[in-house]
Amino acid sequence: MNKINLIIKREYLTRVKKKSFIIMSLVGPILIAALMIVPAWLASEDDDLQNIEVIDETGLFINELKANDEVSFSYEFRSLGEAQKDLNSGGKYTAVLHIPKVVVTLPQTVQIFYKNKPKRSSIDHMENEIAKVIENKKLEDLHNLSLDQISGLRPDVRIVANKLSADGTTEKSAGGLAVGVGFFLAFVIYLFIFLFGVQVMRGVIEEKTNRIVEVIISSVKPFQLMMGKIVGIAMVAITQVFIWIVFSTLIIAGVQQVFKEDLMASKKEQLQQMDQFNPAAQEAKIAEKDSKNTSIAEEINEKLSRINFPLVIGCFIFYFLGGYLLYGSLFAAIGSAVDSESDTQQFMFPITIPLILSIVIAQVVIDNPDGDLAFWTSIIPFTSPIIMMIRIPVGVVPWQLALSMVSLILTFIGSTWMAGKIYRTGILMYGKKASFKELGKWLVRKS
Amino acid sequence: MSSILRAENIVKQYASHRALDDVSIEIPTGCVFGLLGPNGAGKTSFIRIINQITGPDSGQIFFNGEPLAAKHVEQIGYLPEERGLYKKMEVGEQAMYLAQLKGMSKAEAKKKLIYWFKKFGIAEWWNKKVEELSKGMAQKVQFIVTVLHEPKLLILDEPFSGFDPINANIVKAEILRLKEEGTTIVLSTHNMGSVEEICEHIALINNSKKILGGAVKQIQEDFKEGVYDITFKGNMIGFTNALWTGCELLDSKENGTYQQATVRLTGHKSPNELLKAIIGNVEVYGLREIIPSMNDIFIKQVEETNQPKEMSHE
């Protein structure tokens with residue numbers, strides 16, 4: 001045990017001292033921050049007004065939904081089918097919002113149909129407006145309220161987004177912040193499995209080509225050396241993630257601060273300019289604009305608070321480590337079977353396929369996080385670290401999560417065992433590249 | 001005589017070939033033991049089994065009388081033929097790491113490393129990167145970390161390859177000094193010169209089988225063929241005439257005013273009988289028994305054991 005600690009320590013220290021690690025630690029957060037800030041910034045610039053046709057089956061919402069500078073509402077009394085047909089043939093509306101009769105009791109049955117997806121903030125606004133109306137309706141219905149009832153009044157409205165394609169069929173897309181968070185975390189897992197899995201492989205090849213491996217395995221078991229390397233590099237990865245999270249949070253917070261100050265400064269300027277004309281009216285206008293800004297921020301905060309963050313973070317760590325251990329051990333086996341990195345292509349191929357496939361499948365899963373494809377790929381351990389991560393923030397049935405975790409644990413135990421067998425033979429084979437057939441023989445060989 | 005290592009009937013089978021076939025080797029405590037054999041004979045397989053890098057398919061190994069176990073690793077020092085270092089690490093850091101892997105404490109490792117680094121004249125390289133070292137210097141570092149933990153059994157696979165003659169001598173002197181201190185040393189090599197010079201016992205492995213083993217002096221004694229070099233003055237024809245049927249003239253040449261002849265005696269004849277026969281015809285200046293070199297024995301044995309195999313190919 002003491003020896004495996006020595007190996008972990010060496011693997012860790014030599015890597016975190018490297019220039020490339022330090023550069024990655026600095027550049028990574030900047031990229032992440034850019035990834036978060038730029039789309040938000042771009043979105044705020046986009047001012048296409050959505051003119052939404054409301055098909056209200058309840059009659060509660062007529063002229064009750066407030067427009068803002070992103071969306072305006074028009075109320076039509078016709079069937080949903082007609083409205084869709086009209087939308088498809090390029091009518092005057094950009095989307096159809098369908099509020100069914102059951103909305104008060106089932107607030108998640110509201111649907112929107114569109115050809116070009118409305119911005120997330122527009123959908124958030126609509127959900128909020130609908131919730132307000134339902135809340136008012138309930139308040140009117142009930143006169144004697146207990147405190148409990150009051151807190152349950154505001155419904156959790158979720159609009160199901162439907163993309164209307166040219167032939168009139170619709171595709172569901174859950175969209176939204178939850179999926180965004182999931183996809184982001186899934187992508188981080190994908191990136192890190194690749195990045196650090198390849199580091200494991202390089203480390204093994206380095207030991208093999210340096211010819212130090214035989215010296216070391218005369219002191220420790222090959223399996224200890226392999227596991228020490230995998231665990232050491234996992235700790236490097238965790239360190240890197242930690243640094244990224246801290247730095248990118250700092251950067252984003254910093255940028256927000258700067259924006260706020262900017263806003264304040266420009267407001268002051270405006271105020272000073274407008275003072276000369278009609279200070280009272282201008283101030284009122286600015287105050288209104290201000291309140292709108294904060295209300296969008298509040299809405300986002302509210303959405304975020306709906307995500308179960310302890311679960312998401314716990315699962316992120318689990319799938320991150322599980323996926324890394326699974327692929328890391330396979331990468332170690334590849335490293336041991338070749339003499340140089342240029343020989344790895346043939347073996348890398350079958351391992352990278354499921355990884356790349358999961359990112360491709362992820363695009364589908366985002367739109368349909370509860371479909372068959374999403375289910376199976378989040379159970380199969382080779383894709384589950386990425387696919388399950390997308391599904392978790394949206395909500396997954398506990399038994400599916402448990403099944404997925406158990407199958408991942410079992411598979412990485414199996415793959416580590418297999419990799420250990422290939423590894424201990426491979427590292428002592430100099431000067432020739434093994435074939436798959438030989439790898440198979442190494443698997444069944446006695447030590 | 002006690003033996004530090006006793007291997008009994010070791011068999012090691014790889015997928016397509018048998019690397020060791022019923023090999024039994026006994027290494028006496030405190031000697032320098034030569035493990036000889038052509039490339040691919042099975043030497044490295046045997047050494048890896050001693051180091052517990054791989055296990056035998058059948059057969060047993062005893063270390064100081066106990067069955068070989070994981071705890072013995074710390075009493076063995078191994079310098080593989082394929083040896084290297086982490087290029088990007090600092091020399092001292094690297095040596096510390098390898099020493100600790102052998103079970104030494106940090107303080108102990110540091111103290112001993114400083115002693116050895118000074119002794120080998122590489123102390124100022126402690127903080128340099130390994131990739132800056134010359135090949136010879138890297139070899140010195142490797143040798144140091146192999147012997148640092150004062151193993152009872154030291155296994156050196158081709159220790160002299162890569163050393164210039166000066167450094168090879170330093171290492172050779174170190175090997176002999178360690179032997180004086182009681183370390184048993186196993187030397188796997190093709191360099192027969194060094195075998196005769198420093199090895200007391202050998203085992204010769206060819207085609208996965210041990211074909212010869214024992215004390216070097218005894219083996220040479222066993223392989224003597226009764227061949228003598230005679231230096232004399234006088235007529236070569238007279239010399240030849242004096243030889244009787246139990247004698248065979250192998251070679252003769254003129255060496256200045258002397259004549260030189262190589263003669264093989266057959267049928268357990270003694271050199272005295274040879275002298276008696278020729279002493280009346282020529283004037284004898286020297287008689288020397290030719291002791292077969294380990295090189296000759298090696299080549300002869302390997303060729304002999306390869307013979308039937310080659311025939312079967314035809």
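Trainee: Where is the place of Asn9(B)?
Mentor: Asn9(B) sits in strand 1 of chain B, residues 3-13. Strands here are DSSP runs of E with at least two residues, helices are runs of H or I with at least four, and both are numbered from the N terminus. This is a predicted model, in which local features need pLDDT of at least 70, side-chain atom pairs count only at pLDDT 80 or more, and totals for chains, interfaces and linings use all residues. Residues are numbered from 1 along each chain as its sequence is written, with chains lettered from A and ligands numbered from 1 in the order in which they are written.

Trainee: What about phi of Asn9(B)?
Mentor: Asn9(B) is not a glycine, yet its phi is positive, about 50°. Most residues other than glycine have a negative phi.

Trainee: Is Asn9(B) exposed or buried, or partly exposed?
Mentor: Asn9(B) is partly exposed, as 13 other C-beta atoms lie within 10 Å. The cut-offs are 20 or more other C-beta atoms within 10 Å for buried, 12 or fewer for exposed, and partly exposed in between, with C-beta atoms placed from the backbone.

Trainee: And where does Glu150(B) lie?
Mentor: Glu150(B) is in the loop between helix 4 (135-147) and strand 7 (153-157) of chain B. Its phi is positive as well, near 50°. Glu150(B) is partly exposed, with 15 other C-beta atoms within 10 Å.

Trainee: Staying in chain B, how do helix 2 and helix 3 cross?
Mentor: Helix 2 (residues 91-101) and helix 3 (residues 106-119) of chain B have axes that come within 9 Å and cross at roughly 125°. That makes helix 2 of chain B oblique to helix 3 of chain B. Angles under 35 degrees count as roughly parallel, over 145 as roughly antiparallel, 65 to 115 as roughly perpendicular and the rest as oblique. The axes are lines fitted to C-alpha atoms, for helices over the stretch in contact, and the angles run from 0 to 180 degrees between N-to-C directions.

Trainee: Which residues make the contact?
Mentor: Helix 2 of chain B contributes Gly92(B), Ala95(B), Met96(B), Ala99(B) and Gln100(B), and helix 3 of chain B contributes Lys106(B), Ala109(B), Lys110(B) and Leu113(B). Contact requires C-beta atoms, placed from the backbone, within 7 Å.

Trainee: Switching to chain A, how many helices and strands are there?
Mentor: Chain A has 15 helices and six strands. Of its 447 residues, 34% count as buried.

Trainee: Where does the kink in helix 11 of chain A lie?
Mentor: The kink is at Ile351(A), about 35°, shortly before the proline Pro354(A). The bend at a residue is the angle between axes fitted to the seven residues ending there and the seven starting there.

Trainee: How do helix 11 and helix 13 of chain A cross?
Mentor: Their axes come within 9 Å and cross at roughly 20°, helix 13 being residues 384-394. That makes helix 11 of chain A roughly parallel to helix 13 of chain A.

Methods. Contact = placed C-beta atoms within 7 Å.
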